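Here is a short note to read alongside the model.

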Amino acid sequence: AKSAANALQESLGPTVDSLEGLLLPETYTYRAYSTVSGILKNAYESMQKTLADVWSNRSEACPVESPYELLILASIIEKETGVSGERSLVASVFANRLAIGMRLQSDPTTIYGIEDFDGNLTRAHLREKTAYNTYRINGLPPTPIAMPGKASLEAAANPDDSPFYYFVADDTGGHVFSETLEEHNKAVRRYQLNKE
């Protein structure tokens with residue numbers, strides 16, 4: 001029997017390879033007689049409405065050219081931080097990088113493109129050229145890498161105005177943002193390599 005997800009995907013047409021990013025992660029109300037396909041369709045329609053609303057209210061700083069690109073960027077932001085106050089700052093880093101043609105260098109995109117990822121991101125992974133390895137490709141990956149929530153969509157559409165081009169996870173669950181590679185490398189040594 002065809003799954004409800006496959007049925008929804010097929011109904012969207014041959015250009016949709018995956019539902020990744022197309023369903024809004026939200027709390028939905030349903031009844032005992034609700035069908036899985038009905039719930040999935042509701043989540044899809046909710047994402048389409050939310051995406052259209054956010055796109056129509058984007059700022060001039062929005063670094064992408066289409067609602068689908070906004071969805072992709074928001075999915076990266078969703079995976080990069082769970083700290084609500086940081087989303088627009090993370091978005092600013094990606095906007096700044098895109099503006100100068102700098103690669104996004106996002107670990108979550110790279111991990112998404114690794115088949116059977118075992119949890120250990122290696123230098124070999126970062127060197128491998130895949131459609132999702134933003135250490136090796138320019139611009140955005142071809143599809144979303146997660147289901148972004150409304151907050152990540154809004155951050156992607158309205159990034160902060162910041163001087164930052166780098167960030168690294170700190171030991172509080174947040175990130176340290178840097179303007180230069182030198183500052184970033186110091187932060188990496190301090191928080192990731194524990195050498196300072």
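1. A word on handedness to begin: a crossing is left-handed if the near helix is turned anticlockwise from the far one by less than a right angle, and right-handed if clockwise. By that rule, α1 and α2 cross in a right-handed way. Helices are DSSP runs (H or I, at least four residues), numbered from the N terminus.

2. Please keep in mind that this model is predicted, with local features needing pLDDT of at least 70 and side-chain atom pairs counting only at pLDDT 80 or more, while totals for chains, interfaces and linings use all residues. Residues are numbered from 1 along each chain as its sequence is written, and side-chain values use heavy atoms, leaving out hydrogens and water.

3. Helix α1 (residues 4-12) packs with helix α2 (residues 36-56) at an angle of about 50 degrees, their axes being 9 Å apart. Axes here are lines fitted to C-alpha atoms, for helices over the stretch in contact, and angles run from 0 to 180 degrees between N-to-C directions. That makes α1 oblique to α2 (under 35 degrees is roughly parallel, over 145 roughly antiparallel, 65 to 115 roughly perpendicular, and the rest oblique).

4. In the second pair, the axes of helix α4 (residues 87-100) and helix α7 (residues 150-157) come within 8 Å and cross at roughly 45 degrees. This crossing is right-handed.

Note on methods:
Helices (H or I, at least four residues) and strands (E, at least two) are DSSP runs, numbered from the N terminus.
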